[in-house]
Number of protein chains: 2
Amino acid sequence: MNDIKQFLNQNSSFRLDQRDLHFQLFDVLNVEQHIINTPAFSHLNKETCIQVIDLAIKFAREYLGRSYQLADKAGCNMLSPTEVTVPEVYQYVFAKFQELGLCGISAPMEYGGCGTPYVINQAIYSVLYGADPAFCIYPGFNIGAVYLLQKFGTEQQRQLYSQALTTPTMTAAMVMTESDAGSDVGLIRTKALREPDGRYRLEGSKIFISSGMHNLTDNIVYFVLARLDDAPLGTQGLSCFVVTKYALNADGSPGEYNHVSCDGVEKKMGLKGNATVQLSFGQTGSCYGTLLGEKENMGLSQLLLLMNLARVATGTYALGLASSAYYSAADYAQQRIQGTSIRAMSSPKAERLPIIAHLDVKRMLLDMRAKVDGMRALVLKAANYSSLAITLHDAEGDAKALKKKYETLADLLTPVVKAYCSDQAWTVCETAIQVHGGYGYISDFPVEQQCRDVKIMSIWEGTNYMQAADLVRSKLSLGKSSRAFGYFKEEVINFCEQKQQFPQLADQFEQLETATTALSTALATFGDWLSGGEMEQIYLMSTRFMNAFGDLTVGWLLLENAVAAQKAIADNQRAYDLSFYQGKIYAVKYFYRNTLAHLGSKLRAIADIDETFKELNADHFPQF
Amino acid sequence: MNDIKQFLNQNSSFRLDQRDLHFQLFDVLNVEQHIINTPAFSHLNKETCIQVIDLAIKFAREYLGRSYQLADKAGCNMLSPTEVTVPEVYQYVFAKFQELGLCGISAPMEYGGCGTPYVINQAIYSVLYGADPAFCIYPGFNIGAVYLLQKFGTEQQRQLYSQALTTPTMTAAMVMTESDAGSDVGLIRTKALREPDGRYRLEGSKIFISSGMHNLTDNIVYFVLARLDDAPLGTQGLSCFVVTKYALNADGSPGEYNHVSCDGVEKKMGLKGNATVQLSFGQTGSCYGTLLGEKENMGLSQLLLLMNLARVATGTYALGLASSAYYSAADYAQQRIQGTSIRAMSSPKAERLPIIAHLDVKRMLLDMRAKVDGMRALVLKAANYSSLAITLHDAEGDAKALKKKYETLADLLTPVVKAYCSDQAWTVCETAIQVHGGYGYISDFPVEQQCRDVKIMSIWEGTNYMQAADLVRSKLSLGKSSRAFGYFKEEVINFCEQKQQFPQLADQFEQLETATTALSTALATFGDWLSGGEMEQIYLMSTRFMNAFGDLTVGWLLLENAVAAQKAIADNQRAYDLSFYQGKIYAVKYFYRNTLAHLGSKLRAIADIDETFKELNADHFPQF
């Protein structure tokens, strides 16, 4: 196996400063006290969580960091409609992944999972996704599918698939998109026909199916959105079917071919190690599936569970890749010798310095650090709200209201995690390339690939515009007295109450308070527009509002980080050397100076009605 | 020839709305009156210029637009140290390129060129580069080399190469970079040894040489920076040598092998059709070259001519690719049917619309249009100053001062064209992908490739930080009474004098005036820092200043466009339909609202001393 030799000789491309992960989980969020040590997680303790995180980091360093670039070069190949080969190194990596039980960590304990809290899971996923996303996408829906089956599936479905998805000896694929039904899910045309035995026959074609066909496992289970003949039009008439590539024998092994066929593997900008395929169901013979659960036409609302998980996961992918790109650039900048100090520039004998000594390189690194630390804070904060809600799962009275608050905040942040992180990750990867100079453009270094890999994150699982529209419509009630925004503001204001204790951060606290008020005002303007019949304006501004909301949220969370760093410095209870904590404070100052400082003018641009768009139409753009 | 069949069946990926090119050249800049009809260009008229532009567009549509995606897939291969094959389709395209004489257009007339003005040339290059940059880079240095030889070469060198480079039967490569001497040119170690016959022997290795080895022409001429044993250290000790792959026979045909060898072809993020190679000189035997001109140690200042041309060309590449990406997205958005209007969203029977009808898609298209029109205006404005200076080539007195002014303005804008356009082009390509949704991520559409291809533009020919440093240091005298900035401000203020005539654009005029004053103030702060010994602050802020300066310049030029559009509407002397001109006005309003509006807060962030960077050092970043 030639590829394996190459694999073993390959240097790992994975870089991570795990101090930040630990700092954010344990110092900033204090998950030990607030999550792990609560009764809901009595099966765990801090040490176990750290062990699992460490295991993921070790696997990322030793396996994924080596497969990452090799798999990109190898790509996926379709040999026949049922055979798509993945990069050969992935066979080796997947075997280790199964052996270590990494897939099941976050699965329910009844299927052998550790039952770690969602916030710990996102920390782990950020490591794995950042090391080799194309690999991680193969088993990427598995645990989500286990939860989907747990919530909506029949007992038989749970028994058939849950264990296999946890091990994993099977992977799951979410099968929604069709060529005319991307963002417009309601137009899905794949047909489902009732069979006398209670099963359904599927007929139709799908596109852009991640991990839709591969040779890592012997069988694949598909969650397919399709429509019955007599179903209502639109999204209300979609049902979800559980379909396998091969029918299952009594022992769960693959039996008869179920006529799921691959029509092609897409050639993509990145994620080349993952097979994104076109699939047909029932084109070569009958393809049978079972309804997810008992009720037809519930498909979209069922898959909403998976979609929400996938949106958070997308933000975590973006964080992971941005983090890897940033640390790669930091490493490169420490190693690469080039140029002199500005004052010695004209002296040919002047000492040559590592490029990290140069002001603009430091600027780029601090820019990346602020963004990456901020994304990590955002992803973990959102996941932490979900975990906090779990700790109150059987709450009553006030605690029940608190649980509702946490759930609402987790919901609120879901589209922000997806859209803001994917947009920011792209700029981080760009900067990481720039730090590398010409070397950033060639495939010897991982950063150009990280950049290519991350681009899809702003598109899939609902484009970032759809996230922005979801934010302003479903989460913020189009500016009309949103409960979610009330909770959010309360969190920020409560946080700001401690400002007196941190005079070194006084400017930032003040900026944050001003920014929060300004954002409230902009949101209230949306409410006024709605009352005034100017609904289109709200949607026109939603992408810009999402960006502003993300800036503010990250500004808040970075300041929360800085406060924790300041405490660690003051208490002299530092796990790491002083420079780690100082770096946190520099990063927040950089972000406030270079990003949050522009929030006021961004919000002013949002709060005016843009008359142009009332007149602008297709004629104003060229036709070809 | 299988590839040729594929080529002929391929749809052209090239999209251009040539109205904008014509509008900017003839309506906004009025090059007919100010350039073409002046005595310096008496050999030309408007019709000839338009014919040449049209020829380039036709070639871009019919040839480059077909080779573009095929060549990316085929890539370049090294068969031996002297044989590197380019994508096969390029042989066919190159033959046509020679036949049409497209290379020589901008060459001096004595070598069969048309002698078109620089501003027309940039218009033409923006078309060709935007259609297939990887191809255009092969002959990309040819005409620059002709000018280099004309200015610095010996009579013999001119005779040997100028015709061959114009036809072209040979290509030129600029050979500077070494593995330890990228941005730090002074460290170049390639050796030149004097031979008794007046020639020099070259020994050394170079990297990242665009078009450094290929099979499009039988011979290649290299302009190699190298160092004599007894030369001073640093950039003052570099000489430029003219070296060919094969010695020239008396008739100019390739003779004996001159031991220029290829050590490898880089695997790159994009521009895969162009061979970026590592080269060795004199490793397998003696490699001879001649000194460019008569004087040693003048290499870097000689190549400055080529470098300045290459910097403008890089901006033009970026413009070309961004333009192609924007028009591709506009085309896609007109064709692609998906989704309903916001108000009909919940009705499954609602009419499905082309996505250009959706507000956020319109926003993305207008964002791209503003940026692309702005880049085009910037590239053409800078080139126009150069051409205006040529019209005054033998001026005396006041006209001579005017010539100096135009030259100074062209110089001032050179780094801005390079850095601002490459940075903006990247964001345009990103947006073009986003408009395409999932289809933007796959290679069926050209946008993901345009995005990959454009990334190098922010790095090569001096990274964008180096451009920013050049802007503040060499062009703006570190804020100390810069003559260039005085000229620039004068141009903007003179332009603003007509504001009374355009009440519809009153807000924009006012914003422009305010922004110009604010930029002046920020620049004056640099001068104060210099006096106060805070030179590092200036360099620390130079990237941000470049961005602000670019925003302002593009804001000015877009308003100049809008004024011309308004005039065309008012005079009813419109070459195109009304919507073209209205679109111009919408674009400028969009840019002022969403970009120029933030200039104030950007400049405030620049004008404070950033204490953080006095303390920040390598320890604040992780080491691996």
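The side chain of B:Asn258 places a polar atom 2.9 Å from the backbone oxygen of B:Thr244; a polar contact here is a pair of N or O atoms within 3.5 Å, where within protein one must be able to donate a hydrogen and the other to accept it, and residues adjacent in sequence count only if both atoms are side-chain atoms. B:Asn258 sits in the loop between strand E9 (254-257) and strand E10 (260-265) of chain B. Helices (H or I, at least four residues) and strands (E, at least two) are DSSP runs, numbered from the N terminus. With a relative accessible area of 5%, B:Asn258 is buried; buried means under 20% relative accessible area, exposed over 50%, and partly exposed in between, with a 1.4 Å probe and protein chains only. Beyond its neighbours within four places in sequence, B:Asn258 is in contact with residues including B:Val243, B:Thr244, B:Lys245, B:Cys287 and B:Tyr288, contact meaning heavy atoms within 4.5 Å.

The model is predicted: local features need pLDDT of at least 70 and side-chain atom pairs count only at pLDDT 80 or more, while totals for chains, interfaces and linings use all residues. Residues are numbered from 1 along each chain as its sequence is written, chains are lettered from A and ligands numbered from 1 in the order in which they are written, and side-chain values use heavy atoms, with hydrogens and water left out.

Chain A as a whole contains 21 helices and 12 strands. Its radius of gyration is 25 Å, close to the 25 Å that the globule rule gives for 624 residues, so chain A is as compact as a globular protein of that length. That radius is taken over C-alpha atoms, and the rule is 2.2 Å times the number of residues to the power 0.38. Along the principal axes, the C-alpha atoms of chain A fill a box of roughly 80 × 65 × 65 Å. Of the 624 residues in chain A, 64% are buried. Among contacts in chain A between residues at least 6 apart in sequence, 76% join residues at least 24 apart.

The surface and the charges of chain A can be taken next. Chain A exposes about 21900 Å², of which carbon and sulfur atoms supply 48%; accessible areas come from the Shrake-Rupley method with a 1.4 Å probe, and for residues only the protein chains shown count as cover. The chain carries 56 positive and 65 negative side chains, and the centres of the two sets lie 5 Å apart. Lys and Arg count as positive and Asp and Glu as negative, while His and the chain ends are not counted. The place of a charge is taken as NZ of Lys, CZ of Arg, CG of Asp or CD of Glu.

Several contacts run between the chains. A:Tyr441 lies in the loop between helix H12 (397-436) and helix H13 (447-454) of chain A, and at 1% relative accessibility it counts as buried. Not counting residues up to four places away in sequence, A:Tyr441 touches A:Ile433 and A:Glu448, and in chain B residues including B:Lys267, B:Met269, B:Gly270, B:Leu271, B:Arg452 and B:Ile456. Its side chain reaches the backbone nitrogen of B:Gly270 at 3.3 Å. B:Leu271, one of the residues touched by A:Tyr441, is found in the loop between E10 and strand E11 (276-281) of chain B. B:Leu271 is buried, at 3% relative accessibility.

B:Asp331, in helix H10 of chain B, is also buried, at 10% relative accessibility. A polar contact of 3.0 Å joins its side chain to that of B:Gln335. Leaving aside neighbours within four places in sequence, B:Asp331 is in contact with A:Phe624 and B:Arg15. Back in chain A, helix H20 (residues 599-607) has buried residues A:Leu599, A:Ser601, A:Leu603, A:Ala605 and A:Ile606. The buried residues of this helix pack against helix H16 (506-531) and helix H18 (542-571) of chain A, together with helix H18 (578-594) and helix H19 (599-607) of chain B.

Some backbone angles remain. Most residues other than glycine have a negative phi, and most peptide bonds are trans. Phi of B:Leu271 is near 50°, a positive value. B:Asn297 has a positive phi of about 65° and is partly exposed, with a relative accessible area of 24%. A cis peptide bond joins A:Thr167 and A:Pro168, with omega about -10°. In chain B, a cis peptide bond joins B:Thr167 and B:Pro168, with omega about -10°.
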